[in-house]
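Hi,

Here is the model I promised to pass on.

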Amino acid sequence: MFYTVLKFIAKVIIPLRFSITITGRENVPEDGPVILSSNHINFFDPVFLGILVKRDIHFLAKIELFSSRLTRSLMLKLHTIPVNRQSGNAIRPVRRALKLLEEGQVVGIFPEGTRIPTGKRVEPAKGVGFFGVKTGVPIVPVGISFYKKKNSLRKKVTIHIGSPIEVSALETDDYKEVARLVMDQSRELAWHHPEAALERGHGRIVE
């Protein structure tokens, strides 16, 4: 209930600050387990995906976001799974994510691990490859971009959701290689010209 209420509030507030264009929303299956893998350039990225994808998303997030009792309570109510990147011990979040996928849920991952400017490349963590290979669950790549709008107080955001990647059809089952392939798809989607899809009639602007 709490997640649903916050999602409704965010749908009202976010468009006041951002003008969002989204394409490919139909690429997220309506049911069954899904891994949503996106590039990460802004603090609001999980919020954008949370309000624009119909299904609830369980995001893996750095444990630093759970530093206080208040933020920890909030993050957990938002279905977020804490990951301690420093300790190297990810058994608990991995088990939690695997259980969610087994239950047919959506797990969201930002393979870059932190916010990275569009166009800059970093080596993705192998987690998304591990979950894809281990479970055989389709991975849906997402590309997010920000653009400045002239004479507007709102920032323009474009979100391109790509076609599901069937890991079993790939030529490799190496976690790192799969993670690179998925991340490359997200980058390609993120660098795609934001107006091109609209000109072909496939986009929708959330005003």
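Helix α1 (residues 2-17) packs against helix α2 (residues 45-52) at an angle of about 105°, and their axes are 9 Å apart. The two are therefore roughly perpendicular to each other (65 to 115 degrees counts as such). On the α1 side the contact involves Y3, K7, A10, K11 and I14, which meet V47, F48, G50 and I51 of α2, where contact means heavy atoms within 4.5 Å. By class, six of these residues are nonpolar, one is polar and two are charged (Ala, Val, Leu, Ile, Met, Phe, Trp, Tyr, Cys and Pro count as nonpolar, Asp, Glu, Lys and Arg as charged, the others, Gly among them, as polar).

A word on provenance: this is a predicted model, with local features needing pLDDT of at least 70 and side-chain atom pairs counting only at pLDDT 80 or more, while totals for chains, interfaces and linings use all residues. Residues are numbered from 1 along each chain as its sequence is written, and side-chain values use heavy atoms, leaving out hydrogens and water.

The second pair is α4 (residues 91-102) with α5 (residues 127-135), packed at about 45° with axes 11 Å apart. V94, A97, L98 and L101 of α4 make this contact with F130, F131 and T135 of α5. Here the residues divide into six nonpolar, one polar and no charged.

Also in helix α4 is R92, which is exposed at a relative accessible area of 73% (exposed means over 50%, with a 1.4 Å probe and protein chains only). R92 lies 9.3 Å from I81, C-alpha to C-alpha, and eleven residues from I81 in sequence.

Best wishes

Conventions. Axes fitted to C-alpha atoms, helices over the stretch in contact; angles between N-to-C directions. Helix = DSSP H or I, 4+ residues; strand = E, 2+ residues; numbered from the N terminus. Buried < 20%, exposed > 50% of the residue type's maximum accessible area, 1.4 Å probe, protein only. Parallel < 35°, antiparallel > 145°, perpendicular 65-115°, else oblique.
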